[in-house]
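Welcome! Please take a moment to look over the sequence and the 3D structure before reading on.

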Amino acid sequence: MFGNGLAQLFWGISALVRTLVYIVLSLVMTVSLFISTSGNRFIDHPIWIGIILVCIAVGGLSKSKATISENDVFMEYCKNTVWFNRVFMFFGKELYMNPEKAKDVRIYSQNTVAEKMLDKLITHERDNQSDITKMALYPAIAQIIIGLANAICYLFVAIKALFGAFGVGSIVQYVAVLSRLGEGLQELMYILSDNEVYCTHLQNLFEYLDLPNHMYQGSLTVEKRDDNEYYVEFRDVSFKYPNTDTYVLKHVNLKFKVGEKLAVVGMNGSGKTTFIKLMCRLYDPTEGEILLNGVNIKRYDYNEYMSIFSVVFQDFRLFSFPLGQNVSASASYDREKVIECLKKAGFAERLNSLPNDLDTFLYKDIDAEGVEISGGEAQKLALARALYKNTPFIILDEPTAALDPISEYEVYSKFNEIAGTKTSIYISHRLASCRFCDKIAVFHEGEIIQIGIHEELLADRRGKYYELWNAQAQYYTT
Ligand code: ADP
């Protein structure tokens, strides 16, 4: 929908005013053409006023019809090419131009799949050419009709001069005025039909902007407590993702206080990340409720509520901005504080090696001098970003998955210092890293099946925790 936005509508309105002025002036100047008499009853007959005006109007209307038909074909073409555009963009941009995918494309020869698809696309595009031809045909037909209508007008002026209604010199003037009138009318119809076309696009935009937000928006402010005495409670929470039938969380009940360190463990797909997403209100529970200090979290102002969480998701993203801006998530920031957070996250050494300190761009999308960082370094930066936000809650989803054993050890051993008095929720497969937590919740198939401290959970020899612990421990003991 490029080029059909609001700006185009403003342009259309100014063009409309200009055209209306031209039309009125041309009409005024045409009056003398009709009132001048030649003495010939046929040529002087008032019916000619009607014929000439009809010719001019037909010219204008055919132009407008051509624009609308052209747009209809264009919209139809767009519908047919949605698939084309998506697939083409995927292959062109994602598969061929994305350096992150280059390794897999080469190793697994994905280019052969791409070539087959591109062949199919080209055939599809060829089949669609008839639409393009139609788009050229409509304006051409309109132009022929306009040409014929003009010819009638000019002939009338010439014959009238021939019969002596006015001098030969006036022919040029009247032809010019009639052309101007015709063009003005065509332009008027063109602008009106064009604006109608823009409005169709704008309607799509406004329909999108008006989509209702189904998430309940509360207005309570989150109490900023100096004593950090918050507690969170999941009360019989069940959840299924929108448009799916399976519950990924089932009757989850859990209560924990601020300052506590909660570990969430469980196998892949057991619902750990979903649990975090619900707590941060990225989704609302399907059943049950989540409370902050006894109040349903839906009742808090959404932005206020979000502001008490820092989360490092498993699939976090950094941006091609300077390092300092990435960590602070802001264009202007406290440099000392950023450096302190980077040190806590174990990035100090790498920071010293960067060419422009905190102003070094990450990646090369914006700045050719930008640095590429490894997965582990990125994870440290994501951790530093969470620390910079300095919120009462810090949630880390597999925060050490990409770290080497030494960096992982550093994060664990400094975790108490990193988290300070904050409530921290720590999701990890590595059970050894959860031992220091005050409470461990074991998720299995969407349910919390065990909850307690490490020693208690390990004592239950038939429990999931014992099974998971032993599965991992065997690799370390030998
Ligand atoms: P975990 O973090 O324990 O590995 P998740 O909470 O990510 O597990 O996923 C739990 C289940 O929810 C999985 O079966 C997953 O396929 C499903 N799931 C996760 N995200 C979505 C989503 N956006 N839409 C539908 N299903 C999802």
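This is a predicted model: local features need pLDDT of at least 70, side-chain atom pairs count only at pLDDT 80 or more; totals for chains, interfaces and linings use all residues.

Residues are numbered from 1 along each chain as its sequence is written, and side-chain values use heavy atoms, with hydrogens and water left out.

**The ligand site**

Let us begin with the ligand. Around it are Tyr241, Val248, Met267, Asn268, Gly269, Ser270, Gly271, Lys272, Thr273, Thr274, Lys277 and Tyr283; a residue is listed if one of its heavy atoms lies within 4 Å of the ligand. This shell is made up of 4 nonpolar, 6 polar and 2 charged residues. In that grouping, Ala, Val, Leu, Ile, Met, Phe, Trp, Tyr, Cys and Pro count as nonpolar, Asp, Glu, Lys and Arg as charged, and the others, Gly among them, as polar.

| Residue | Polar atom in the residue | Distance to a ligand oxygen atom |
|---|---|---|
| Gly269 | backbone | 2.8 Å |
| Thr273 | side chain | 2.6 Å |
| Thr274 | side chain | 2.5 Å |

On its own the ligand has 570 Å² of accessible area, and the protein covers 61% of that. Accessible areas come from the Shrake-Rupley method with a 1.4 Å probe; for residues, only the protein chains shown count as cover.

**The nonpolar cores**

Next, the cores. A nonpolar core is a set of buried Ala, Val, Leu, Ile, Met, Phe, Trp, Tyr and Cys residues joined through side-chain atoms within 4.5 Å; buried means under 20% relative accessible area, exposed over 50%, and partly exposed in between (1.4 Å probe, protein chains only). The largest core has 42 residues, of which Leu323, Leu342 and Leu381 touch the most other members. Elements giving two or more residues to this core include β3 (261–266), α10 (323–328) and α17 (464–477). Helices (H or I, at least four residues) and strands (E, at least two) are DSSP runs, numbered from the N terminus. The most comes from α13, which gives 8 residues.

Which residues does Leu381 touch, not counting residues up to four places away in sequence? They are Leu318, Leu323, Val327, Leu342, Phe347, Leu362 and Ile373, where contact means heavy atoms within 4.5 Å. There is also a second, separate core of 32 residues, with Phe239, Leu262, Val295 and Phe393 among them.

**Some single residues**

Thr30 sits in helix α1 (residues 6–35) and is buried, at a relative accessible area of 3%. Leaving aside neighbours within four places in sequence, Thr30 is in contact with Val177, Leu178 and Leu181.

Ser69 belongs to helix α3 (residues 47–97) and is buried because its relative accessible area is 10%. A polar atom of the Ser69 side chain lies 2.8 Å from the backbone oxygen of Lys65.

Glu187, in helix α7 (residues 168–209), is partly exposed at 28% relative accessibility. Although Glu187 and Leu20 are 167 residues apart in sequence, their C-alpha atoms are 9.4 Å apart in space.

Finally, Asp236 is part of strand β1 (residues 231–239); its 36% relative accessibility makes it partly exposed. The side chains of Asp236 and His251 are joined by a polar contact of 2.9 Å. A polar contact is a pair of N or O atoms within 3.5 Å; within protein, one must be able to donate a hydrogen and the other to accept it, and residues adjacent in sequence count only if both atoms are side-chain atoms.
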